[in-house]
Amino acid sequence: MSQTWSQCLNTLRDNIPLSQYSVWIQPLKALENNNTLFLLAPNSQVLNYINKNLKVQIKNAVAQHNKNLKIFISIATNQNSQNTQQHTSPLFKDYTFDNLVLGNANQMAYGATKQIAENIKTSPYNPFIIYGGSGLGKTHLMQAAGHLAKEKNPNIKIIYAPLMDFVRNITSSLRHNTIENIKTFYQSADLLLVDDIHLIAGKEKSQEEFFHIFNFLFSGKKQIIFTCDQPPKNIKSLEDRLKTRFSQGLNLQLTPPELEMRAAILLKKSQNKRININLTEDTALFIAGHIASNVRDLEGALLKLKAFVDFSKINNNFISKEVIETALGDLIKPQIKNIDINDIQKEVAKHYALTISDLSSKSRKQHMVLARQMAIFICHELSSLSLSKIGKHFGNRDHSTVLHAIKKIKEKHLESIEIKNDYELIKLKLANL
């Protein structure tokens with residue numbers, strides 16, 4: 001990679017939202033030659049978005065580090081290499097850091113995982129355990145460490161093992177009296193990746209053999225990374241000696257992705273050749289606003305939408321919210337009512353870059369009036385308060401003023417796409433409080 005572009009990535013990551021960085025900046029490949037920086041987008045969707053929304057930020061970032069570089073942005077050509085390196089470890093090819101969408105839910109775990117992968121022999125975080133609910137990206141992060149470690153050192157030996165595969169190997173080796181061979185195999189790893197370590201609970205013989213393998217690798221300063229559905233100290237029927245060893249390393253939690261991160265995940269995955277449907281930021285937010293559980297549910301919704309588009313022979317460039325509502329049915333039915341008026345005021349103020357006190361002020365500035373009317377309209381729709389009580393929360397305004405605000409937003413909602421989008425986005429965020 002271009003050294004200048006590596007520096008630019010750090011600058012861009014600090015200056016644009018993480019979700020935007022992950023979906024649009026991270027996929028770019030960079031080549032630097034003869035005072036020209038070539039940035040290659042994987043497809044036209046990424047190229048168009050970059051040119052429309054991020055070109056200025058990219059130019060500014062490059063200028064900070066090398067003012068003499070010219071920038072050329074285009075689509076990467078397909079190159080079918082016959083010399084693709086074959087990894088000895090069964091890592092999923094798509095589970096890389098480049099394919100990972102970043103957000104508040106995984107930023108710390110991402111930083112730690114990447115640092116470990118870049119410093120396999122010297123990392124202080126050993127063992128490293130990523131824990132959290134199903135479908136949050138634990139396996140993706142862990143395997144991304146494997147890919148990066150292999151890239152840094154092609155000779156490194158990486159062993160990836162779902163826990164139940166390990167148990168089956170132990171059981172089979174005990175039956176055939178080959179346990180030492182299996183232990184030697186696992187002990188040969190420079191980087192051991194074990195998925196779903198919590199499933200070892202209650203399996204006494206597997207715990208015993210795993211304890212010896214763990215000690216051997218740990219004492220030899222070999223890196224160990226696990227995934228788990230809970231903090232190791234909470235695993236029932238796990239031997240105390242294993243709990244102690246697991247807890248002595250770095251344990252980090254993945255939480256469900258926030259709304260913007262879910263939308264970014266949908267945009268990223270929609271560009272995959274297997275999916276290849278044309279989502280906009282608005283439609284991605286619309287879907288993400290109603291699917292808040294995990295990444296797998298987002299993928300399922302995307303596949304269901306793709307099937308509907310394919311079988312209904314809908315133009316891929318015209319996937320509207322109405323199409324999404326038809327395709328995904330009950331998945332995107334809004335379930336919000338009786339929202340606290342303070343939450344509504346807070347969300348509206350945040351959306352319009354105002355303070356809550358601005359919404360109650362006497363100011364007649366157009367921007368403030370619109371925000372105040374929007375907040376009153378949503379309070380009328382989603383709260384159980386009477387018009388007079390709503391008015392009291394907005395600077396003791398009377399009943400007729402509240403009615404006027406509701407009428408104005410209804411009129412603007414019908415005539416302005418921008419205001420309609422504001423309204424829908426605020427409601428989506430309220431639904432995910």
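Two strands count as paired if DSSP finds at least two bridges between them, and the legends below use the term in that sense for a predicted model.

**View 1. Strands S2 and S3 run parallel, joined by 6 bridges.** Within this pairing, leucine 39 stands opposite isoleucine 73 in S3. Helix H3, covering residues 44–65, packs on the sheet and touches both S2 and S3, and its direction makes about 165° with that of S3.

**View 2. An open sheet of 3 strands has the order S1-S2-S3 with mixed pairing.** Strand S1 (29–33) and strand S3 (70–75) stand at the edges with a single partner strand each, so one side of each is left without a neighbour in the sheet. Neighbouring strands are turned against each other by 20° on average, direction ignored.

**View 3. Lysine 29 and aspartate 98 meet through their side chains in a salt bridge of 3.1 Å, N to O.** This pair links distant parts of the chain, since lysine 29 lies in strand S1 and aspartate 98 in the loop between S3 and helix H4 (107–118), 69 residues apart. Lysine 29 counts as partly exposed at 45% relative accessibility, and aspartate 98 is likewise partly exposed, at 34%.

**View 4. Glutamate 381 and lysine 427 form a salt bridge between their side chains (3.6 Å, N to O).** Glutamate 381 belongs to helix H16 (residues 366–382) and lysine 427 to helix H19 (residues 417–431), 46 residues apart. Glutamate 381 is partly exposed at 36% relative accessibility, whereas lysine 427, with a relative accessible area of 18%, is buried, because buried means under 20%.

Conventions. Residues numbered from 1 in each chain as written. Predicted model: local features only at pLDDT ≥ 70, side-chain atom pairs only at ≥ 80, totals over all residues. Heavy atoms only, no water. Helix = DSSP H or I, 4+ residues; strand = E, 2+ residues; numbered from the N terminus. Axes fitted to C-alpha atoms, helices over the stretch in contact; angles between N-to-C directions. Contact = heavy atoms within 4.5 Å. Salt bridge = Lys/Arg side-chain N within 4 Å of Asp/Glu carboxyl O. Buried < 20%, exposed > 50% of the residue type's maximum accessible area, 1.4 Å probe, protein only.
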